[in-house]
Amino acid sequence: MKKNDVVTVTIEDFGVGGEGIGKIDGYALFIKDAVIGDVVEAKVMKAKKNYGYGKLQKIIRPSEHRVMPRCPIARQCGGCQMQAVSYDKQLEYKNRKVWNNLKRIGGIPEKLLEAVMEPPCGMEEPYRYRNKAQFPIGRDKNGRLAAGFYAGRTHQIIPCDDCCLGMKVNQEILDRLLSFMEKYHIEPYDEAEHKGLVRHVLIRYGFATDEIMVCLVINGKELPHARELTEELREISGMMSISVSRNTEKTNVIMGKEIAVLWGQGFITDYIGEIKYQISPLSFYQVNPVQTRNLYETALEYAGLHGTETVWDLYCGIGTISLFLAQRAGRVYGVEIVPQAVEDARKNAEINGIGNAQFFAGKAEEVLPGYYEEYAAGHPGQRAGADVIVVDPPRKGCEESVLETMVRMQPERIVYVSCDSATLARDAAYLRENGYEVERGKVTDMFPQTCHTECVLGMQRKE
Ligand code: SAH
């Protein structure tokens, strides 16, 4: 196989990024936008010894799993990888990806997985699930003012005011914003020149409350005619907060560090289950509230609480899981590295009248061992006060020192919430070698149409 070869190939599998994989005499060709079951013509773009990358040229025979993407720009937009795949097949693919990792990396036998893994939890309506949107503002290739998305792996703006994963109301907000910018000649940000004012617009929506927040990210001190903009946006039903965030850096980071409220209260409120959250422009909050609730219900169920337990929630963010657990636990300790998130967690505990949750700002790998050393010194021969430990780490998983301390603390159960099943599998292998066994597990699809998924494992201490 060499560059520029054109081949006809049947797609037999999906890769980790949702791309199709075709095989020619054992040679694997990764083809973006090809769907399992397709017969396609592809041009080889890059050829390595045993595998290569191809560009989809023509679909010769479409797969039975191929569907019409809802977004007209699904292929150019970098956001979704799997809109052309039926939702059933997406879910099956994600479930299998997690199983394969648990088997290959985690060394968990197939038989055990069959016994413990529950069916994956997908969405009834796998579109319009996102409560947060961040649209870059710029000029399209014809020089027209536009909001949209970056084309995959570039910073070229593709105009699009209605992402099918987001809320319908985003369109009206963008319409009003762009008309306002045109009327008052306010320039969008030009990344190459580091000039122009409006960089991004962040929109957040409370699913349970229908409250809306808009935050404009600007490359400058102030937004001219801010009053006229707020008057326009306030007419939209549910609008609660309009603000600007100053970001004058040359950076890919979207939000600036400060927020100035132009109108309204500066935050919106939302609920997951019974728990109320205050969300400001800079707060971390899960983007799919329907599946977040399912995920947290699963974590709570796997924690097996009776009301008296001491629970640790590591990597707790704004305390979402901690407060969920606190409803059924004796005491919950949350640990989170971002101090602002810890402040939010404390405030969220307070507005819900939850008094049995306490939060520590710091690295899990420092706070937990530190606590353990101190506790063990003060209570020789005793278990270190953890009945259940819940972890929800970022993609890279837990540091080994965290796992080591968890094992030494000997909780009855460990609940592992993960957004990357490869690192989950690695950490599960460590825990299985050190006295824990997988008892339950479930894939929960937080990000339909993309190749990403969440998974929860419930592990039990062996006698
Ligand atoms: N459980 C929360 C957040 C999960 S995201 C929720 O469901 O909303 C993972 C969190 O881990 C982020 O908030 C991130 O800031 C935090 N984090 C990353 N590295 C960390 C570390 N070493 N120690 C503690 N927290 C960390």
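A crossing of two helices is right-handed if the near helix is turned clockwise from the far one by less than a right angle. Keep that in mind for the helix stops on this tour. The model is predicted.

**Stop 1: H1 and H10**

Select helix H1, residues 87-104. H1 and H10 pack at an angle of about 30°, and their axes are 8 Å apart. Angles under 35 degrees count as roughly parallel, so H1 and H10 are roughly parallel to each other.

Now show side chains. From H1, pick Lys-97, Val-98, Asn-101 and Leu-102. They meet Ser-421, Ala-422, Leu-424 and Ala-425 of H10. By class, this contact has 5 nonpolar, 2 polar and 1 charged residues.

**Stop 2: H9 and H10**

The crossing of H9 and H10 is right-handed.

Which residues of H9 meet H10? Select Glu-400, Leu-403, Glu-404 and Val-407. Across from them in H10 are Asp-427, Tyr-430 and Leu-431. The contact of H9 with H10 has 4 nonpolar and 3 charged residues, with no polar ones.

**Stop 3: H3 and H4**

Hide the previous helices. Select helix H3, residues 169-183, and helix H4, residues 226-234. The angle between H3 and H4 is about 155°, with the axes 10 Å apart. Angles over 145 degrees count as roughly antiparallel, so H3 and H4 are roughly antiparallel to each other. The crossing of H3 and H4 is right-handed.

H3 supplies Ile-173, Arg-176, Leu-177 and Phe-180. H4 supplies Glu-228, Leu-229, Glu-232 and Leu-233. By class, the contact of H3 with H4 has 5 nonpolar, no polar and 3 charged residues.

**Stop 4: the cavity**

The largest cavity holds about 40 Å³ of space.

To find the largest cavity, select its lining: Asn-131, Arg-204, Tyr-205, Gly-206, Ile-268, Asp-270, Ile-279 and Tyr-285. Then color strand S9 (198-205) and strand S13 (268-272). S9 and S13 are the elements that give two or more residues to this lining.

Color the lining by class to finish. The lining of the largest cavity divides into 4 nonpolar, 2 polar and 2 charged residues.

Key:
Residues are numbered from 1 along each chain as its sequence is written. This is a predicted model: local features need pLDDT of at least 70, side-chain atom pairs count only at pLDDT 80 or more; totals for chains, interfaces and linings use all residues. Side-chain values use heavy atoms; hydrogens and water are left out. On a 1 Å grid over the protein atoms alone, a cavity is a set of points where a 1.4 Å probe fits but cannot get out, and a pocket is an open set with protein on both sides within 12 Å along at least five of seven lines; lining residues have an atom within 4 Å of a point. Grid points are joined across faces, edges and corners, and a volume is the space filled by probe spheres set on the points. Helices (H or I, at least four residues) and strands (E, at least two) are DSSP runs, numbered from the N terminus. Ala, Val, Leu, Ile, Met, Phe, Trp, Tyr, Cys and Pro count as nonpolar, Asp, Glu, Lys and Arg as charged, and the others, Gly among them, as polar. Axes are lines fitted to C-alpha atoms, for helices over the stretch in contact, and angles run from 0 to 180 degrees between N-to-C directions. Angles under 35 degrees count as roughly parallel, over 145 as roughly antiparallel, 65 to 115 as roughly perpendicular and the rest as oblique. Contact means heavy atoms within 4.5 Å.
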